Protein chains: 2
Amino acid sequence: MSSLLRRLGSATAPLRLVTAATITKQVALAPTFSRLSVAQTNRAYSSGKKLTEEDVKVFREILKEAGPVSVLTDSADVEGFNEDWMRKFRGQSQLVLKPKTTQQVSEILKYANQRQLAVVTQGGNTGLVGGSVPVFDEIVLSTSNMNSIQSFDETAGILTCQAGCILEVLDGWLAEKGYAMPLDLGAKGTCQIGGNVATNAGGLRLLRYGSLHGTVLSMEIVKADGTIMKLGQPLRKDNTGYDLKHLFIGSEGTLGVITSVSILTPRKPTAVNVAVLALPDFAAVQKAFKLARTNLTEILSAFEFWDSACASLVLTHIANARNPFDSEAPHPFYVLIETSGSNTEHDTEKLSAYLDTLFESSVATDGVLAESETQRQQLWAFRESIPEACAKDGAGGNLKYDISVPVEQIYEIVPVMRKRLEAKGLYDAIENVGEKRTGRVVGFGHFGDGNLHLNITGAAWDKDVEDTVEPFVYEWVQSNDGSISAEHGLGVMKAPYIGYSKSPEAVAAMHEIKKMWDPKGILNPYKFLPSN
Amino acid sequence: MSSLLRRLGSATAPLRLVTAATITKQVALAPTFSRLSVAQTNRAYSSGKKLTEEDVKVFREILKEAGPVSVLTDSADVEGFNEDWMRKFRGQSQLVLKPKTTQQVSEILKYANQRQLAVVTQGGNTGLVGGSVPVFDEIVLSTSNMNSIQSFDETAGILTCQAGCILEVLDGWLAEKGYAMPLDLGAKGTCQIGGNVATNAGGLRLLRYGSLHGTVLSMEIVKADGTIMKLGQPLRKDNTGYDLKHLFIGSEGTLGVITSVSILTPRKPTAVNVAVLALPDFAAVQKAFKLARTNLTEILSAFEFWDSACASLVLTHIANARNPFDSEAPHPFYVLIETSGSNTEHDTEKLSAYLDTLFESSVATDGVLAESETQRQQLWAFRESIPEACAKDGAGGNLKYDISVPVEQIYEIVPVMRKRLEAKGLYDAIENVGEKRTGRVVGFGHFGDGNLHLNITGAAWDKDVEDTVEPFVYEWVQSNDGSISAEHGLGVMKAPYIGYSKSPEAVAAMHEIKKMWDPKGILNPYKFLPSN
C-alpha cells in the first residue's frame, strides 16, 4: 500500500454505528423543528370521512387473527406513529392497524375504500419528507408485523420477503448464505424493505448495485379497493406486458400497499476496503472520481464526498466523533472510497495503484485506509453522522435539500448559495458560533450518483434565510436539468415542487394514474402529487 | 492458466460475426415460415380507418423538411417494412413514414389519432414475435432517420441519443471514449436502441449490467394523441413522482413512440476473457455457475450454455462453423464464460483458479480459452449462430420458445418435451436426418438469467408436433412460476398467452393503462395485450 498513505491509529473503542434508531433518540433531545402547517401543504382537507367506533370494530374483526397488538387505539400507543423521527411532521391519527398477511391488508383497504377512510402506510418511519405519517387523522397501516422471509433462491440470489422486514435484518440473514442486500443506508437498523421500495431508497451503494428499479424483480401489492395484484415472479427476466411494479417503486404509498417483494441480491463481497482521502479543492474530487472509474471499475462500491464544513460540524456536535486525520484542521474536501470484491490481494493492488496515482499527482493530499472491520466502520460512521451533525447544528432551522444534477456540477450550488446569503448579510462561516449564527451552508453526498445533500443550518429558523434559499434552490436545480429530490422523495414536504423537475404533461399523466387506481383518494392523501 | 485447458488452434480466418443483417440474408434462402393468419391472432380487425390520398398529402407536408425519402408509398419501397426478418409475419401497409424529429412524430400521431389511422413503430425490425410489422395496413413509422447522438456525459457515462441509433454504432462510438453499451445481442448490427428499449431487450450481458429498467435513465416519448412527454433527465437519481418511463420499457410501441433515451453506460472493460467448457451433464452446468458466482463474482459478464443438440445443428448448418474442440463428437453440455474487468493479470488469475477447480473436481471435462480478440469472436460466433442453425434445421417449422424459470429448473423442460414427443412417435434424435424428421428438441440460453431458448425443429411444420408442444409448454412454465416470454416480448405471436404469466388483475390493469393513453387504439393494434 502507498507509503504516502497514513495508517489509522489503533483506536480501541469502535465508533458506534449510526442508524435511524440511534439518531431518533439523540435528535429527540434537540428542540423540535418548525412543523409544516396545513396551509403549507397547500391542500384542503376534504376527502376523508371521520372514523367511528363501528369502523374500529370492523378492523378488529379483520385482524382478530393478527395477534393482540394489531389494533392500537390508545393515544399513548398511537403517538409514535403520528410523528416522524425528525419531529418535523405530526398527524392526529387515532388508529394504527398492524396486519400480518396480504389478505388482511386487502380486507382493511376494501373496507376503508368503501367507507372513504384515508390510510397512510408506514414502514420504519425513517423518511425525511413527511411521507409516512398522517397529515390529519388518517388510519396508520403499519407493516411492522409483516416480517417473514418467504423464500430464497440460493443459485440466483433472489430473496422474497414481506414488506415489513427490516433492511439490516435481511442483510444479516443473507450474509450467512454469502449474499448481501443491494442497498444500504444510514437508517438500515429501522427502515423496512417495503418502505425502501415504496420510496425508491437510494443510499450508499447505488453506485455499484444500481437502483431498486433494477433489483426488484417482482412484487405483491394491494390496490386501494382491496384488489391483490401479483406483479411478476421472482425471475430476472419477464417480458410479458407492461411492467407495472415500477409504478409502485417510489410511489410512496399513494397507489397501493406493497405487501411482498422479490429482490435480486449480489454475492457478499469477501474483500472490502475503505479509505478516506483529503483533497485540496473540488476539481480534485472530480479527478479522483474519474480515475476511480477507470482504475477501480468493477470493484468500486462507494464514492462519497463531503466538504470541510461537514467535517467541522461532525467534530463539533457528535460525541466520540474521530477525526480520521487526528487533530488537524479540516481539509477543503474529503472522499470516502469503498471497494468490494472477491479477492483481497487483487483489490488491494488495484486500490494501492489508484491511491499512488492520486498522491503522486497531488490530487489527494492526505489519506487513511482502514485495516480492520472496526476501522472501516469508523470511517463510515464519520460519513454517516453528517446528517445528525447538521440536525444538531441547525437545531431550530436546518434547511435540507436532496438534489441531483449532472456530476460535473454537483457542488456548484454550495458556493452559489453562500454568496447569495452573504449578499444579504445572512451567511455565517463555520467558525462563527453562538446564538445569532444564521446560514451555514454545507454540502455532502453520493458523488458518483450526482446526488448532493445541501444543508443550511442556523441557530433558529429564520424566515429571511428560507426566503433567500427558496424557491431559488429549486429554480437553480431546474435550470441545471436536475432533480429537486434525488432520493428522499416528495412526501408532504416537496409535493408542491414537483413541477421543477417534471413536465406538466408528465405530472398530468401521474394524476391520471392516481385517479384510475385510487379514485376516492384514500391512499396517503395530501402528499406526493400537488393538488390539481 | 490451467494445464488441463486446451488452446484454441491458431485459425487464420476469423469466423464471421453473426448479426441480424447477415442472418436475414441467409434465412431468406430458406423456405418461408408458416404465417400467422388473422384468425390465429384472435382479434377482429375493427379499429383502424382506411388511408386516403389526402392523408398521404398531410403526412408529406408534415415531413417536408425530413428529406426526400421520408414518405414511402411505392410498394417496392414499402415491402421490406411489411415483413419481419424471419419472413414469418407479413402486413400490407401502403405507407412508411420516416421522421427525423420528435416534433414530426408528434404531428404524425396527432393527425393519425384524429383520423383513427393505426400506426406501427418500427426500429431495426429484428424482433422475433411479429411486434414491429403491420398486421393489416397500419402505417409504418420507421425511426431509422432518428439517429443522432444528442449528448454524452463523460464523467457519469450517460449517453442521450435518438431512438433510431443502431446498437452497434453506439457501442463503437462509446468505445472511443472508453465506455460501452450495457446490452449486447446478436442483432446488434441492425437493431435500434429505441426498439431495444421498447422491447426491453435482454441479450448476452444482462447478467453483468442488469436490465434496461436499471440502465435507462430518462426518455422522451410521444403519446397516441401527439403529446410529447419528457420523462426524467439524464440523471442517476430522481425521486419526483411515478417513474412513468418504465411503462414504456417493454411496451412494444403500444403506449407511445419512444423518440429519445438516456442510458447509463459502463466503462469499456480493458481485460476480456472468453472460455468455452465441455461438461458431462446438466448438474455440472449448475455447479459451474455457482462456482462462477463465487470465484468470478465481479468480473463475470456472461454465462451462456447450450446442449449437444445445439452444437450438432451449428456444425451441420453453419458454413465455416468451427468446433471449439476440433473434430470430436459433441459433448453433453457447453458453457461459454466471459469475464470483463480492468486488470488482465488479476482476471486471468481468477479465471485460472476457477477453471482449475472445475477440472480438478471433474465438473468440466474439456475447455478452450480464447487468446486473442479473433478467438474470442470465434467462440461467441459459435454461441450466436445457434438461432440461425435452428432456423435452418427447422426450415419449415421451427417452434421457438423463450422462457424463464428459476435457474435450478432451467433445463428441465427439454427432456420433458423430448419424452412427450417420443411417446407420440414424434421425436427424432439429432442423428436422424432426412425429410421426414419431426421434433428435434434443443435448448440453449442465458443460464445466469434463468432464460432458456427452447427450439423444436422439424423438416416441415407439423400440426401434431405443435399440438403436442402447445399449450403444454405454456402450462409447464406457468406451473413452474416462470415467464412465457423472458426477453422476446409478446408481439402478435404471444399476446394471447399473457395469462400464463400474469394474473387477471394485472392484465386488467394493463388494459386500463392502454385505454387511458391510447383510447382509439391506434398504436400497434392487434398485439401485446389480448383483446378483451
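User: Which residues of chain A does the UniProt annotation "domain: FAD-binding PCMH-type" cover?

Analyst: In this predicted model, the annotation, which comes from an unreviewed UniProt entry, covers residues 89-268 of chain A. The end C-alpha atoms of that span lie 37 Å apart, and the span is 23% helix and 23% strand.

User: What makes the two copies related as by a two-fold rotation axis?

Analyst: Chain A is superposed on chain B by a rotation of 180° with 0.0 Å of shift along its axis, at an RMSD of 0.0 Å, and the two copies are thus related as by a two-fold rotation axis. In chain A, the C-alpha nearest that axis belongs to G214(A), 2.0 Å from it.

User: How do you know that the copies meet through the same surface?

Analyst: Of the interface residues of chain A, 99% are also interface residues in chain B, so the copies meet through the same surface.

User: Why is α19(A) called oblique to α19(B)?

Analyst: The axes of helix α19 (residues 504-517) of chain A and helix α19 (residues 504-517) of chain B come within 11 Å and cross at roughly 135°. Angles over 145 degrees count as roughly antiparallel and those of 65 to 115 as roughly perpendicular, so α19(A) is oblique to α19(B). Among the residues that make the contact are I513(A) and W517(A) of α19(A), and I513(B) and W517(B) of α19(B).

User: Where in chain A is the pLDDT below 50?

Analyst: The mean pLDDT of chain A is 89, and 89% of its residues reach 70 or more, but over residues 7-46 of chain A the pLDDT is below 50. Where pLDDT is low, the predicted coordinates should not be read in detail.

Methods
Residues numbered from 1 in each chain as written. Chains lettered and ligands numbered in written order. Predicted model: local features only at pLDDT ≥ 70, side-chain atom pairs only at ≥ 80, totals over all residues. Heavy atoms only, no water. Least-squares fit on C-alpha atoms with pLDDT ≥ 70 in both. Contact = heavy atoms within 4.5 Å. pLDDT = per-residue confidence, 0-100. UniProt positions renumbered as here; feature names shortened; annotations may be inferred. Helix = DSSP H or I, 4+ residues; strand = E, 2+ residues; numbered from the N terminus. Axes fitted to C-alpha atoms, helices over the stretch in contact; angles between N-to-C directions. Parallel < 35°, antiparallel > 145°, perpendicular 65-115°, else oblique.
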